[in-house]
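Hello,

Here is the structure I promised to pass on to you. Please open it and keep it beside you while you read.

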Amino acid sequence: MRLLLIGILVAFGVPTASAQEPDPGGSQRGSATQGSDVSSRTPWNGTVHFGPLIIDPEVRLDSDWRRSKPASSQDADNDLLLSGKRVGFDARLGKRFGFEISADLTSSTPWRNVRADYRLPAGVTVTAGQFKVPFSLDGARSALERDFVFRSRLADAFSMGRDRGVTLDTRFWRKRLTVDGGLFARDGDRTASDSGVTGGAGLTGVGRVTITPLSRRRGILKDLRIGVSGASSRLEARRSELTPRTVAGQELTPALYWAEGRRTRAGLDVRWRPGPVSLAAEYLRVADERHGQGNGNEDLAPLTGSGWFVEGTWLLTGEDKAKNQRPRRPLLAGGVGALELVGRVERASIGERGMVAAFAGSPRAPHAALSGVRVFTAGINWYPAAGARVQFNVVGETIDGATASSLRGISTVLTSAVRFQLFL
Amino acid sequence: MSILPKVRALVVGVLLVPALASAQTSDELFAPDVLHDVFLRINTRDLEELRASYDLNTYYPADIQIGTEVARNVAIRSRGRASRNPSKLGLRVDIDHFVADQTFFHLNSLVLDNFVQDPSMLREHAAMALFTRMGQAAPRTAFGRLFINDEYQGVYGLVEEPNEAFVSRHFGADKGYLFEYHRIGPYYFDDLGEDLATYQALFEPRTQERAAPNLLYAPLRELVRGEDGESLNDWRARVSAYLDLNELVTIVAIEEFLSEYDGLTGYAGANNVYIHRPKGSERHVFIPWDRDQSFFDVYSPIYLRANENRLVRQALAFPDLNAFYLAQVAEVARISGDGDWLQRVIQRADALIAPSAKADPRKPFTVDEREGAVRGLVDFAQRRSELVLEQIRQLPPPAVQP
């Protein structure tokens with residue numbers, strides 16, 4: 001019923017604000033909507049002014065349908081209907097102070113971003129609270145900023161999500177270079193395992209540098225952005241929960257190997273949005289040390305995971321990707337909305353090449369067995385009106401070296417997914 | 001394609017060739033008159049957890065070495081029922097739990113018996129030796145001094161666990177169906193009803209673990225089935241298809257001779273047995289297991305609790321089977337007493353382990369208690385044969401045909 005209601009709303013279009021785009025300068029917290037309106041009508045975007053206080057409300061309704069073949073053991077009925085109800089606001093008080101509160105009403109841990117920031121006179125912004133750890137391109141994207149129903153497997157497995165912390169960020173070289181770094185209590189909420197292992201690593205230091213070298217010039221390379229990320233976390237003795245997951249959430253190697261020492265992450269990403277087209281790619285590598293984890297308390301080779309993706313999008317109806325996805329010809333104005341083709345290839349794996357589970361099934365094996373997933377996603381996004389989106393994705397996953405997963409014996413999974421989104 | 005996997009495979013292969021060439025057989029492990037030094041290497045954290053959670057069956061990785069034979073990343077867990085102990089750990093070593101197809105002395109599992117219920121430390125070895133000498137399929141045993149992370153833990157029994165290799169060695173290449181009987185409560189092989197789940201709880205498959213329940217348990221259900229109004233002759237005719245009654249009578253004869261307290265005719269129902277059924281057959285045989293409660297009483301009657309186990313009671317109601325039973329008891333007595341065979345087995349084993357047992361830092365009894373227990377075993381071995389034969393001579397004439 002809920003799906004039907006949202007479908008009807010989408011079909012007739014809802015005149016709301018555009019999706020928020022990530023800050024082209026590289027700020028991961030996207031506090032302000034960027035870009036100009038390319039449509040002929042500019043509906044009220046919900047912003048409220050009380051003197052020096054400016055409040056941008058945030059409302060997002062998601063409804064998902066997906067089916068996998070073969071079905072995972074977690075999806076007994078083979079179909080899922082998920083919902084997200086995200087509410088909150090982003091506010092600014094004067095020129096220096098800002099804050100954001102958001103919550104997902106469908107989650108058992110509803111609080112999302114709860115943060116405040118202060119712009120120091122030297123051009124440095126201090127942010128404190130709970131918010132996304134500034135690491136990884138895809139890992140820091142919101143569901144609205146993502147062009148796919150599912151986050152990339154590398155971001156799902158190895159990026160960090162949100163945590164409580166403090167960061168400083170500033171820009172150099174006439175805002176072409178952004179440096180962001182800080183300390184977080186843990187390494188985010190994304191690496192929590194489904195197999196009984198909760199939490200992640202401890203105190204985490206993180207840094208991210210992004211550069212838009214040609215942003216001051218005209219030309220198609222103006223939007224090109226390159227990012228480098230690094231993080232280091234304290235890791236107390238535990239079964240490492242790092243593992244790639246399928247889009248249905250099945251872990252390839254449920255927490256198996258003991259680890260202790262430091263967890264280090266490094267990443268490199270690039271994003272480019274010339275006109276109606278966008279291209280992005282990212283590589284991430286993570287390593288958990290295994291100090292003293294051998295049968296004789298000797299050090300073992302680190303547990304390493306890595307992944308990459310390359311993705312592209314093309315707005316068939318000609319809108320400018322770098323600005324927003326508000327359709328030039330909304331459905332209610334007699335148009336078809338905006339149509340966008342998307343595609344992504346990716347790979348995420350953990351363990352060492354050449355090591356198979358048969359010889360590395362022990363939690364204290366000298367080398368970890370290789371488990372990985374290679375994924376191809378193709379899809380189409382339809383924006384019938386500003387504030388509404390329908391995403392249709394087909395995802396093919398090829399699993400190799402799966403060890404203790406319920407996917408044992410299944411090497412290929414095909415998933416279809418549809419997401420309806422309404423947002424303010 | 002990277003060349004690294006090929007290089008790694010080549011290195012592993014080169015290292016494995018001499019290892020395989022020198023792999024020792026299980027006969028060398030269970031050779032008589034050898035006291036092995038068994039080295040286990042376990043991560044300190046795992047060892048602490050294993051001792052703290054000794055009542056659980058959680059597996060921990062370890063490396064094991066005996067002589068030049070090494071197996072890495074085997075799985076060990078606490079084992080036993082009353083014999084579980086956090087100080088002197090009773091251990092099951094699963095060689096191929098974490099590393100597929102790994103073997104150790106050509107075995108894929110090994111039990112390290114902590115002897116905490118047997119002050120003499122000799123009962124299991126002597127009892128299994130007698131079962132073997134009587135031609136029964138019984139686990140082989142040896143002795144070892146166990147060192148965990150180079151710390152001496154005491155004298156242990158190295159016991160072969162009934163499994164596929166055991167079955168192949170005794171019953172041929174066809175591994176058939178092997179079950180470990182678990183005592184949940186007193187059970188005397190009475191009818192358990194139609195629900196196969198009841199059988200599943202009692203009889204854990206040790207081979208063909210993934211076979212369909214009906215394939216696994218339907219013959220066992222027939223074995224214990226009790227038909228209303230069924231005569232003893234009809235019972236024998238029916239059950240003979242599911243149980244080798246001569247084998248049953250023989251194993252009971254050995255148990256009774258040994259004054260086994262916790263076996264097929266145990267003090268609280270059946271216990272400590274495996275059951276094997278060849279593939280393509282429905283006929284079961286019993287296999288003895290964990291006999292550290294033997295040698296209980298040198299004066300023990302040879303029919304002690306024989307009327308409690310339904311299968312034994314009904315089998316011994318037949319004069320021919322009863323006569324065979326008595327003949328087997330007499331044969332056990334003859335073999336045990338022949339040249340003081342059983343006494344020599346006990347004394348030879350004691351001479352092998354006595355100094356190490358004296359230094360055993362975790363044994364839950366004193367040196368004097370152990371020496372007293374050994375003297376008791378020797379006394380049993382010296383007198384039991386004659387006492388049993390005298391019991392047979394004192395029996396009344398055979399019963400009439402049922």
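Below is what I found, starting with how to read the model.

This is a predicted model, in which local features need pLDDT of at least 70, side-chain atom pairs count only at pLDDT 80 or more, and totals for chains, interfaces and linings use all residues. Residues are numbered from 1 along each chain as its sequence is written, while chains are lettered from A and ligands numbered from 1 in the order in which they are written.

Let's begin with chain A. Its secondary structure comes to two helices and 17 strands; helices (H or I, at least four residues) and strands (E, at least two) are DSSP runs, numbered from the N terminus. Of the 424 residues of chain A, 44% count as buried, where buried means that 20 or more other C-beta atoms, placed from the backbone, lie within 10 Å of the residue's own. Two residues are in contact if their C-beta atoms, placed from the backbone, lie within 7 Å. Among the contacts in chain A with a separation of 6 or more, 65% are between residues 24 or more positions apart.

Now look at strand E17 (residues 412–423) of chain A. It runs antiparallel to strand E2 (residues 53–69) of chain A, joined by 10 bridges, and A:Asp62 has A:Gln421 as its bridge partner. E17(A) is also antiparallel to strand E16 (residues 388–400) of chain A, with 11 bridges; here A:Asn393 is partnered by A:Ala417. Two strands pair if DSSP finds at least two bridges between them.

Chain A also touches chain B, through 15 residues from chain A and 16 residues from chain B. The chain A side has five nonpolar, eight polar and two charged residues. In this scheme Ala, Val, Leu, Ile, Met, Phe, Trp, Tyr, Cys and Pro count as nonpolar, Asp, Glu, Lys and Arg as charged, and the others, Gly among them, as polar.

In chain B, find the open sheet of four strands, with the order E9-E8-E10-E11 and antiparallel pairing. Strand E9 (203–205) and strand E11 (285–288) stand at the edges with a single partner strand each, so one side of each has no neighbour in the sheet. From one strand to the next, the twist averages 30 degrees. Strand E8 (residues 177–181) of chain B is joined to E9(B) by three bridges, and B:Phe179 is partnered by B:Pro205.

The helices of chain B are worth a look too. Helix H4 (residues 123–133) of chain B is mostly covered, with nine of its 11 residues buried; B:Met128 and B:Phe131 are among them. After H4(B) comes B:Gly135, which has a positive phi near 85 degrees. H4(B) packs against helix H12 (residues 341–358) of chain B at about 140 degrees, with axes 10 Å apart. Their contact has seven nonpolar, one polar and no charged residues. Axes are lines fitted to C-alpha atoms, for helices over the stretch in contact, and angles run from 0 to 180 degrees between N-to-C directions.

Finally, helix H11 (residues 319–337) of chain B and helix H13 (residues 367–393) of chain B pack at about 155 degrees, with axes 9 Å apart. H11(B) and H13(B) are therefore roughly antiparallel, a label for angles over 145 degrees. Their contact divides into eight nonpolar, three polar and one charged residue.

Happy exploring!

Definitions and conventions:
Parallel < 35°, antiparallel > 145°, perpendicular 65-115°, else oblique. Buried ≥ 20, exposed ≤ 12 C-beta atoms within 10 Å, placed from the backbone.
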